[in-house]
Amino acid sequence: MTYFASGHGACPGCGIPVAVRNIIDAFDGKCFVANSTGCLEIISSQYGRSAWGVPYIHSLFENPAAVAAGIESALKALGRKDEGHVLVFAGDGATADIGIGPLSGMFDRNHDVLYICLDNEAYQNTGNQQSGLTPMGCLTTTTPVGKLMPGKIRQKKDMVAIALAHKLAYVATASVAFPREVVRKAKKAVEFEGAKYLQIHSPCVTGWGITGDQSFKIAKLAFETGLYPIVEFEHGELIRVRKIKEKRPVEEYLKIQKRFRHLFTHPKGEDVIKTLQSIADENIRRYNLMGTETEV
Amino acid sequence: MLKIGLGGVSEPYLSLKFKTGDWGTHFPSVDNEKCKGCRDCEISCPEACIEVKKLNKKKFEVTFDFDFCKGCGICAYVCREDAIEMIVKEAYKV
Amino acid sequence: MMKVVRGFYSVAYSVKQCKPDVICAYPITPQTEIVERLADMYANGELGNCEYITAESEFGAASILVGASATGARSFTATSSQGLILMSEVLLSAAGMRLPIVLVNANRSLSAPLSIWNDQQDSIFMRDACIMQLYIENNQEVHDVMPIAFKVAENRRVMLPFMVCMDGYKLTHAYEPVDLLDEQMVDKFLPPYDAPVKLSVDKPLTFGCYAPPPYYTEFRVAMQNAIMGAGDIMLKEFKKWYKITGRDWGGHVVAENPDAEVAVITMGSLTGLVRDVVSEMQKEGKNVGVVKLRTFRPFPVEDIKKALKNANKIIVFERAVSFGHEGPVAIEIKSANYESGADVYSFAVGLGGRDIPRDLIREIIDKVIEGKVEPGFQFEGVKPFEEVIP
């Protein structure tokens, strides 16, 4: 029995349904989902073919945090608070770009909502346009590669720091490639009263130019290079990280994805790769990622 | 007559009527003798179409719902025992 | 209980008696005092289990109410001008999702240039949103209309947002004697909201589906059917309210002198001044009458036809402009009344809070009666000016 039914329209190999299903199943369906416009919404909520077995609402691209706040407030007012947890599933564009105002408002008012950002690092539903969470050097249709430009210039926005700046009780990152850890973190998060933020890295088969069977492998590589640190904060304190047993150079991660392949031939590519390596190294240093302890 | 839900509100689980089993070019095949029952394939399947049944203390049976399997191959990738192999469908053989 | 109160308090007190479950707003002049008074009531524990939320923007406020209303909560907000326009994306979505959110719009002009003063450009802009719009003449009327707004919005055959439009400052900040509603009286008229569909774990429905071409049209037709049908439901509730309170605000259109050959149409707080001028002219033997337009959406076509059946000249005082065309109310009147062949004279007055002198109203009506002006649209009370490049 799952609360996110088969027959949804996700691309083969997409990790989003894996994360979503495992989370809502872990709550035994006792949860409310507010969803932004985006990949998850479009694959699951066409009229007449809903995949959802939990109460679900989609309103707009940029407002799921506010809609969730409204659900939570209504449940309180109507004496139905125990009916279930209030969750948001939103893409990286909805989270870091267009919806960041309502998200900050929801965090600031500290609604009892678990906000889950499904981070596939661009507007993938509409065909790979750059978002604030697109990494540096990435090819998207709005950061194309040309004689002058080597893809996206600026680096990935630090949403974890933004969430922490709101003094949230629980902030964490995870990866679709570690589904048990995703479940553990979602369950852990809802133990805290108030707003929580969980950001889940999720490779996009079409946008990243990879094959479906590679999605978990590439998600793991993102972590093993240090480019996508998997961290967990409680009350602002870093309490746990997933340790990297064997560090991989960023090239290994970049070269197997179409969205980064130009970096190996573009005149500015070498510099970008160097910068990405230094970002990865800095993540490893900052979060003390090297080690042998394993997560669940 | 067409029935439409007030405000676009829909009944749950209607996606189950839409089979996605013909999307992929490959399908998984399992060697149940190798399976140790870790369930990594089951929890990692994007289509929720894998079930790992425990037959006895040591024996497990992995079944795929081919009505929905999109042939992505994540199950084969996550399998620690290399028990799952992706096989190209007859129609896609060149 | 009769009390002299300001407009914003009249709204807030009436909303309190309607027992909303979630109130959410963002301050904007001249609406702010409405939600400030509700915040006071919340702080004093006078709103029962109601959740009162100050959002980070009007966009956020409307979005919060989408979530609340979909969960089955009676939901209220108030806004004005830029705030309404910032809400507009959400309110359009709420209408399509058939969520009975009730809002008060304190009518204020739109930027640019920035102006905090009154006209009706903001709510008129929302004309095509499938949101009911009722315009208010005075602060007793707005007090009486709030329970009706909730009741009509939440009617199962309607299920649409309801916007009560009251002129900013002119009503919101005006002191007037208001007979404050008694709790039991409102309870009797307005039962708690029982949502026909709601987000619930027991019956996990999917809200906000996207509709591909085979479905989209039918959803839009259903919206049109609902708002068109809302007109009769409003009339029934107006009558019930009259029976309970003894106060009759009339229907969608109030033709105060139905035999008049010259009809003067107004919407909102300007009605009182126009009525004053017209009654003075009637005493002088002029065949002129006031038509007060209360309901703008759904547009009361039949009532307008009836109200204007004897008019051969129709004057519309506009508080907004449909830029690139003419006065927005006149457009509606012409469309509703085209068979009559009456001439329509449309005058935009008092934009951005400019004073509308009594003499100007008199002058305009006089020149129409005397045939000194062609039918059509014009601005009145405009100073001679030249646009220069600074």
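1. Which residues of chain C are linked in a network of salt bridges? They are C:Asp276, C:Glu280, C:Glu284, C:Lys286, C:Arg358, C:Arg362 and C:Asp366. A salt bridge here is a side-chain nitrogen of Lys or Arg within 4 Å of a carboxyl oxygen of Asp or Glu. Over all chains, a search of the whole structure finds 58 salt bridges.

2. On the basis of the model: it is predicted, local features need pLDDT of at least 70, side-chain atom pairs count only at pLDDT 80 or more, and totals for chains, interfaces and linings use all residues. Residues are numbered from 1 along each chain as its sequence is written, chains are lettered from A and ligands numbered from 1 in the order in which they are written, and side-chain values use heavy atoms, with hydrogens and water left out.

3. Within chain A, A:Glu72 forms a salt bridge with A:Lys76, with 3.8 Å between the closest N and O atoms. Both residues lie in helix 3 (residues 64-77) of chain A, 4 residues apart, which is about one turn of the helix. Helices (H or I, at least four residues) and strands (E, at least two) are DSSP runs, numbered from the N terminus. A:Glu72 counts as buried at 3% relative accessibility, and A:Lys76 as partly exposed at 40%. Buried means under 20% relative accessible area, exposed over 50%, and partly exposed in between (1.4 Å probe, protein chains only).

4. A:Asp112 lies in the loop between helix 5 and strand 4 of chain A and is buried, at 14% relative accessibility. Its side chain makes a polar contact of 2.9 Å with that of A:Lys81. A polar contact is a pair of N or O atoms within 3.5 Å; within protein, one must be able to donate a hydrogen and the other to accept it, and residues adjacent in sequence count only if both atoms are side-chain atoms.

5. Another salt bridge in chain A is formed by the side chains of A:Lys247 and A:Asp281, at 2.7 Å from N to O. A:Lys247 lies in the loop between strand 8 (237-241) and helix 10 (250-254) of chain A and A:Asp281 in helix 11 (residues 269-287) of chain A, so the pair ties together parts that are 34 residues apart in sequence. A:Lys247 is partly exposed, with a relative accessible area of 37%; A:Asp281 is partly exposed, at 31%.

6. In chain B, the side chains of B:Glu33 and B:Lys59 meet in a salt bridge of 3.0 Å, N to O. B:Glu33 is in the loop between strand 1 (26-30) and helix 1 (40-44) of chain B, and B:Lys59 in the loop between strand 2 (50-54) and strand 3 (60-64) of chain B, so this pair ties together parts 26 residues apart in sequence. B:Glu33 is exposed, at 63% relative accessible area, while B:Lys59 is partly exposed, at 33%.

7. Backbone points to check by eye. The peptide bond from C:Thr29 to C:Pro30 is cis, with omega near 0 degrees; C:Pro30 is in the loop between strand 2 (22-25) and helix 2 (32-43) of chain C. A cis peptide bond also joins C:Arg297 and C:Pro298, with omega about 0 degrees, and C:Pro298 is in the loop between strand 13 (295-297) and helix 10 (301-307) of chain C.

8. A:Asn110 is not a glycine, yet has a positive phi of about 60 degrees. A:Asn110 is in the loop between helix 5 (100-109) and strand 4 (113-119) of chain A and is partly exposed, at 39% relative accessible area. A:Lys167 likewise has a positive phi, near 60 degrees. A:Lys167 sits in the loop between helix 6 (159-165) and strand 5 (170-175) of chain A and is exposed, at 70% relative accessibility.
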